[in-house]
Amino acid sequence: MTYIFYDTETTGTNTAFDQILQFAAIHTDEQLNELDRFEIRCRLLPWVVPSPGALLITGIAPKTLHDPALPSHFEMVRAIMDKLLSWSPAIFVGFNSITFDEELLRQAFYQTLHPPYLTNTRGNARFDILSAAHACAAFAPNTISIPINDIGKPSFRLGDLAAANGFPIINAHDALADVEGTIDVARLIKERAPSVWRGLERTCRKGDTLDLLEEEPILIHTAFYFNKEYSSLMSHCGRHPEIDTQVAMFDLAHDPEPYFGMSVEELVKVLNATPKIIRSLRANAQPTLMTPDEFPSKVSEIGVEISEATKRAAQIAAEAEFQQNVGRALAARFGEREPSPWPEKQIYDGFAGRDDEQLMADFHASKDWSERNQIALRLSDERLKHFALRTVYAEAPEVLSDVHRHHIERWLNERILSDLDDVPWTTLQHAITEAEKSSIEGSKDDQEQSKVVLEYLLERAKQLSS
């Protein structure tokens, strides 16, 4: 199967409310040889305020945010979707992508009326090179160089890893340069630690992960928190009754028998306690799960006799009621969640209905914005209708009725000019405060860049206020 390596540069780190400004991807064969590449940038959406810190990191000048020569966000996302579909099915690969770039890409698709789950549907899978670097450090030490940072800790930043292994990224925080650096690191891991690579490919699909949990009574689970390794011999002990991606694993360093008679409420407390005797995992997030036969040296490091672990895993497998209660505890762990008032945060609150799916397809098939506006009004899902109408506003505001145009303009101004401290998006006031601080306290280069950003933000605030 081929691979699609990709990266994004954005207006900030809030995956629901920030936007992609640059997207880059390289399509490779199974040996990671390049087949094709794609790179695109876009203009700023009218309701998004860029974080000054993000602009400093990426080096994106404020004047380019509104460059008419660049495509709009809507045009960019359509081009991304078309290109990725032409390369699919494939394994989507990034660096720290499952928790960040993946979510940004989903939001970009969701907010432009595309199916949001491209990377793990249609035969596609996803793979994270940060997880691979962590797994190398744990299971195949010395196969790649892990640099030490200024405070004496291992650094798993992409730029540091690439430089330590002989291929520095010249233009870091450019999406295409970071994709090339990710491929360099991936190629090294694949060549020098093939067993680690195979183990991670085994969990890059939800279904394969669930099969592995059922087939292997004992697995080595490894996770890194603040760049520190935590490895345990674990056994599958339950699954959420409604969400099959949520599973539970029992740490076989502990005797499971005292937990068999616990109530659901007691098991919720165990799930929330530290250390994690019962740990929840997302089967669709490429957990690092290796078999003891593949890595016996890691088993000896963990310090649990394999004979004792085998006995405890068999005890868990025989306790069906315990497994059911653990599943119920996963479901009860966070109680009833209040729906978010913001449609961006409602992405996981349900799929589009069939009628709306057809209307979304019609929206993209149309070439006329007046027709797209009429399609938008027929959408029954209020989330999708909101996204459709604001897309029409960004692309062709003149086709909207006065009522809808004024409604969106009022919403836009209230969002950007909000003086509330607890909103999840970046407001102009938040950004201005950040830029003012950086223009005084940052390095000399950052101070100069921050002043340019600050001038841009103040001018934008002046225009909106008038």
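Mentor: This is a predicted model. Let's start with the second largest pocket, which holds about 270 Å³ of space.

Trainee: Which residues that line the second largest pocket are closest to its centre?

Mentor: Leu-44, Leu-45, Pro-46, Ala-394 and Glu-395 are the closest, out of 17 lining residues. To count as lining, a residue needs an atom within 4 Å of a grid point. Helix 15 gives the most to this lining, with 5 residues, and helix 2 and helix 15 each supply at least two.

Trainee: What makes a space a cavity rather than a pocket?

Mentor: In a cavity a 1.4 Å probe fits but cannot get out, whereas a pocket is an open set.

Trainee: Now helix 14: which of its residues are buried?

Mentor: Helix 14 spans residues 369-378, and Trp-369, Arg-372, Asn-373, Ile-375 and Ala-376 are buried there. The label requires under 20% relative accessible area, so each of these five falls below that cut-off.

Trainee: How do you know that they are on the same side of helix 14?

Mentor: The arc they cover around the axis is only 160 degrees, which means that they share one side of helix 14. In general, an α-helix has 3.6 residues a turn, so residues three or four places apart point the same way. The cover over the buried residues of helix 14 includes helix 2 (73-87), helix 13 (354-365) and helix 15 (382-395).

Trainee: What makes the Asp-368 and Ser-370 pair a polar contact?

Mentor: A side-chain oxygen of Asp-368 comes within 3.1 Å of the backbone nitrogen of Ser-370, at the start of helix 14. The limit for N or O atoms is 3.5 Å, so the pair qualifies.

Trainee: And which residues touch the most other members of the largest nonpolar core?

Mentor: Phe-5, Ile-129, Val-196, Phe-250, Ile-278 and Phe-322 do, in a core of 68 residues. Helix 6 (residues 175-192) gives the most to this core, with 9 residues. Another core, of 42 residues, lies apart from it and includes Tyr-117, Ala-376, Leu-412 and Leu-454.

Notes:
Residues numbered from 1 in each chain as written. Predicted model: local features only at pLDDT ≥ 70, side-chain atom pairs only at ≥ 80, totals over all residues. Heavy atoms only, no water. Buried < 20%, exposed > 50% of the residue type's maximum accessible area, 1.4 Å probe, protein only. Helix = DSSP H or I, 4+ residues; strand = E, 2+ residues; numbered from the N terminus. Arc of directions from axis to C-beta. Contact = heavy atoms within 4.5 Å. Polar contact = N/O pair within 3.5 Å; in protein donor to acceptor, adjacent residues only side chain to side chain. Core = buried A, V, L, I, M, F, W, Y, C linked by side-chain atoms within 4.5 Å. 1 Å grid on protein atoms, 1.4 Å probe; cavity = no way out; pocket = protein on both sides within 12 Å on 5 of 7 lines; lining within 4 Å. Points joined across faces, edges and corners; volume = space filled by probe spheres on them.
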